[in-house]
Amino acid sequence: MSAVEARLAELGLTLPAVVPPLAAYQPAVRSGVYVYTAGQLPMVDGKLPLTGKVGAEVTPEEAKELARTCALNALAAVKSVAGDLDRIARVVKVVGFVASAADFTGQPAVLNGASELLGEVLGDKGVHARSAVGVAVLPLDAPVEVEIQVELTEA
């Protein structure tokens with residue numbers, strides 16, 4: 001077990017299987033020492049636990065928890081191409097999308113769920129730049145979607 005996966009276990013988390021693509025793309029691709037993930041939905045066992053807009057059908061607290069799930073799914077996608085999460089030198093960038101009710105402006109707080117998970121799991125290597133974007137709708141009516149870019153150590 002890698003040190004990162006051991007840390008996940010300490011937190012009571014298990015790295016899930018990679019979420020299969022919904023269309024014509026790969027969950028993650030590697031280019032040199034970088035891994036770029038596709039947008040990861042908060043899928044758990046092949047299903048979305050909640051659907052709808054944040055600030056309407058989904059509370060900000062629920063959405064923050066879903067963002068954590070997205071980040072966990074993103075780590076699984078990274079592992080699928082990197083082979084070992086201990087190869088992560090740092091998380092470079094996180095981009096998060098929040099399906100938002102018209103008057104909802106708390107996207108950064110929702111995306112803290114993903115950012116905080118990466119920090120808890122990776123420590124200083126999880127500190128990153130981030131964008132939090134409110135959108136009208138996401139695939140499958142998901143409330144949140146997160147993609148990450150990581151730099152790997154040399155093999």
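How many bridges pair strand β2 (residues 34-37) with β5, and in which sense, parallel or antiparallel? The two strands pair over three bridges, in the antiparallel sense. The model is a predicted one, so to speak of its local features a pLDDT of at least 70 is needed, while side-chain atom pairs count only at pLDDT 80 or more and totals for chains, interfaces and linings use all residues. Residues are numbered from 1 along each chain as its sequence is written, and side-chain values use heavy atoms, with hydrogens and water left out.

Strand β2 belongs to an open sheet of five strands, in the order β1-β2-β5-β3-β4 and with mixed pairing. Strands here are DSSP runs of E with at least two residues, helices are runs of H or I with at least four, and both are numbered from the N terminus; two strands count as paired if DSSP finds at least two bridges between them. As a general point, strands of a sheet pair through backbone hydrogen bonds, either parallel or antiparallel. At the edges of this sheet stand β1 and β4 (129-135), each with a single partner strand, so one side of each has no neighbour in the sheet. Direction ignored, neighbouring strands are turned by 15° against each other on average, the axes being lines fitted to C-alpha atoms (for helices over the stretch in contact) and angles running from 0 to 180 degrees between N-to-C directions.

Strand β5 (residues 144-152) also runs antiparallel to strand β3 (residues 88-99), and nine bridges join the two. Arg 90 has Glu 151 of β5 as its bridge partner, and Phe 97 stands opposite Glu 145 in β5. Glu 151 turns up again opposite Tyr 34. Over in strand β1 sits Val 29, which is partly exposed at a relative accessible area of 42% (buried means under 20%, exposed over 50% and partly exposed in between, with a 1.4 Å probe and protein chains only). Val 29 and Ser 80 are 51 residues apart in sequence, with a C-alpha to C-alpha distance of 9.1 Å in space.

Tyr 34 comes back in the aromatic picture. The structure holds one aromatic pair, where rings of Phe, Tyr and Trp (its six-membered ring) pair if their centres lie within 6.5 Å, and planes under 30 degrees apart count as stacked, over 60 as edge-to-face and the rest as tilted. The rings of Tyr 34 and Tyr 36 have centres 6.4 Å apart and planes at 40°, so this pair is tilted. Tyr 34 is partly exposed, at 32% relative accessible area, and Tyr 36 is also partly exposed, at 34%.

Another tyrosine, Tyr 25, is found in the loop between α1 (3-10) and β1 (28-31). With a relative accessible area of 33%, Tyr 25 is partly exposed. Together with Leu 22 and Leu 140, Tyr 25 makes a nonpolar surface patch of about 280 Å². Patches take residues with over 30% relative accessible area and no salt bridge, joining like charges within 9 Å and nonpolar side chains (Val, Leu, Ile, Met, Phe, Trp, Tyr) within 5 Å; the areas come from the Shrake-Rupley method with a 1.4 Å probe, and for residues only the protein chains shown count as cover.

Now for the charged side chains. Six salt bridges are counted, each being a side-chain nitrogen of Lys or Arg within 4 Å of a carboxyl oxygen of Asp or Glu. One of them joins Arg 7 to Glu 10, at 3.0 Å from N to O. These two are three residues apart in helix α1, which means about one helical turn separates them. Arg 7 is partly exposed at 29%, whereas Glu 10 is exposed at 61%.

Another salt bridge has Lys 64 and Glu 116 as partners, with the closest N and O atoms 3.2 Å apart. This pair links distant parts of the chain, with Lys 64 in helix α2 (residues 60-82) and Glu 116 in helix α3 (residues 107-122), 52 residues apart. Both are partly exposed, Lys 64 at 29% and Glu 116 at 35%.

Glu 120 and Arg 68 also meet in a salt bridge, at 3.2 Å from N to O. Glu 120 lies in helix α3 and Arg 68 in helix α2, so here too the pair ties together parts 52 residues apart in sequence. Glu 120 is partly exposed at 31%, while Arg 68 is buried at 18%. Through salt bridges that share partners, Glu 65, Arg 68 and Glu 120 are joined into one network.
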